[in-house]
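Me: I would like to go through the labels attached to this structure and ask what each one rests on.

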Amino acid sequence: MRRKYLLKKKMVLVDSRPDFSVLVIVDRQRSETWLISVCFCKGPGFAPNLEIILEFVSREISPPQYIVGCTSDVMDALISAHQSASSRPFRRKYADAIVYTMPAENIVPLPIPDGFHISELNDIHTEIVHKSWPFTSNEKWIQYLITNFQSVLIETDDGRPVAWKFQQEYGAVGMLLVNPEYRRRKLGSIVTRTLAEKMTKDRQLVFALVEENNDISIAFHEKNGYVRMPFKVSSMEYFQEAKENIVNVKP
């Protein structure tokens, strides 16, 4: 993000300086891409500091916000601080995710089968990636990711895209897809390991977030060299309207 000057469009907020316990990175204004806040919180005891920063962010841009990066115990603290579910400004978006990292020594390249070659995603692939991913209707968000972040694409020798994986804005790798017609050829493992190798050479931390109830994805990542970290993270939405309803209630 720094090399591509994307941080110029971001706010980086902390609860104190020079030493901080909470850090939030968010877009300065609502854009046509998906609005994501990346949060780092030292522990559940600092959850009130995180909530104060998120309140400030919500006054600057339009909620709701999609927030990623908090450990599950921080998320629990944010939720338990509000008694009523109807007035609670936080809501879990998905199941908690296991954090996996890929040590450089675990990256074992696989040979690509005959009839295929490796390249990377670019603008011309936006439509096919968007149509293949059922979890978002935001095509501009897909274009933003594949234009600005690391990716690996496998194509047939005649140029047909059949498998890909790419990096998210907050650093994790994901959105793996293999065309059903071309499965059982280890193409998913090839793009996974090739992307990890590419990011390692670029001196980036290779990590993935896998939902704790996704047994197939857990097995896939562990088979391909990923190592489980001893904590989980939560994805959540923050609704400033709920917070305002609490403030505006008169005794």
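Predicted model: local features only at pLDDT ≥ 70, side-chain atom pairs only at ≥ 80, totals over all residues.

Reply: Residues are numbered from 1 along each chain as its sequence is written, and side-chain values use heavy atoms, with hydrogens and water left out.

Me: Why is Arg 203 called exposed?

Reply: Buried means under 20% relative accessible area, exposed over 50%, and partly exposed in between, with a 1.4 Å probe and protein chains only. Arg 203 has 81% relative accessibility, so Arg 203 counts as exposed. Arg 203 is in the loop between helix 5 (187-201) and strand 11 (207-211); helices (H or I, at least four residues) and strands (E, at least two) are DSSP runs, numbered from the N terminus. The C-alpha atoms of Arg 203 and Phe 239 are 36 Å apart.

Me: What makes Thr 101 count as buried?

Reply: Its relative accessibility is 16%, so Thr 101 counts as buried. Thr 101 belongs to strand 6. Beyond residues up to four places away in sequence, Thr 101 touches Val 206, Phe 207, Gly 225, Tyr 226, Val 227 and Met 229, where contact means heavy atoms within 4.5 Å.

Me: What makes a set of residues a nonpolar core?

Reply: The members must be buried Ala, Val, Leu, Ile, Met, Phe, Trp, Tyr or Cys residues, joined through side-chain atoms within 4.5 Å. The largest such core has 23 residues, and Ile 154, Leu 187 and Tyr 226 have the most contacts inside it. At least two residues each come from strand 6 (97-101), strand 8 (151-156), strand 9 (161-167), strand 10 (173-178), helix 5 and strand 11. Helix 5 gives the most to this core, with 6 residues. Leaving aside neighbours within four places in sequence, Ile 154 is in contact with residues including Ile 112, Phe 116, Leu 187, Ile 190 and Val 191. A second, separate core has 21 residues, among them Val 57, Ile 67, Cys 70 and Val 74. In soluble globular proteins, nonpolar side chains tend to be buried together.

Me: How do you know that Glu 237 and Arg 91 form a salt bridge?

Reply: A salt bridge is a side-chain nitrogen of Lys or Arg within 4 Å of a carboxyl oxygen of Asp or Glu. For Glu 237 and Arg 91 the N to O distance is 2.4 Å, so the pair meets the definition. Glu 237 is in strand 12 (residues 227-238) and Arg 91 in strand 5 (residues 90-92), 146 residues apart. Glu 237 counts as buried because its relative accessibility is 12%, whereas Arg 91, at 46%, counts as partly exposed.

Me: What links Lys 232 to Glu 212?

Reply: Their side chains meet in a salt bridge at 2.6 Å, N to O. Lys 232 lies in strand 12 and Glu 212 in the loop between strand 11 and helix 6, so the pair ties together parts 20 residues apart in sequence. Lys 232 is partly exposed, at 34%, and Glu 212 is partly exposed, at 32%.

Me: How many salt bridges does a search of the whole structure find?

Reply: The search finds 12. One of the salt bridges joins Arg 228 and Glu 222, at 3.2 Å, N to O. Lys 10, Asp 27 and Glu 169 are linked in a network of salt bridges.

Me: What makes a space a pocket?

Reply: On a 1 Å grid over the protein atoms alone, a pocket is an open set of points where a 1.4 Å probe fits, with protein on both sides within 12 Å along at least five of seven lines; lining residues have an atom within 4 Å of a point. The volume is the space filled by probe spheres set on the points, which are joined across faces, edges and corners. The largest pocket holds about 1,500 Å³ and is lined by 44 residues, with Trp 133, Met 175, Leu 176, Asn 214 and Ser 217 nearest its centre. Strand 10 gives the most to this lining of the largest pocket, with 6 residues. The second largest pocket has a volume of about 870 Å³ and is lined by 30 residues.
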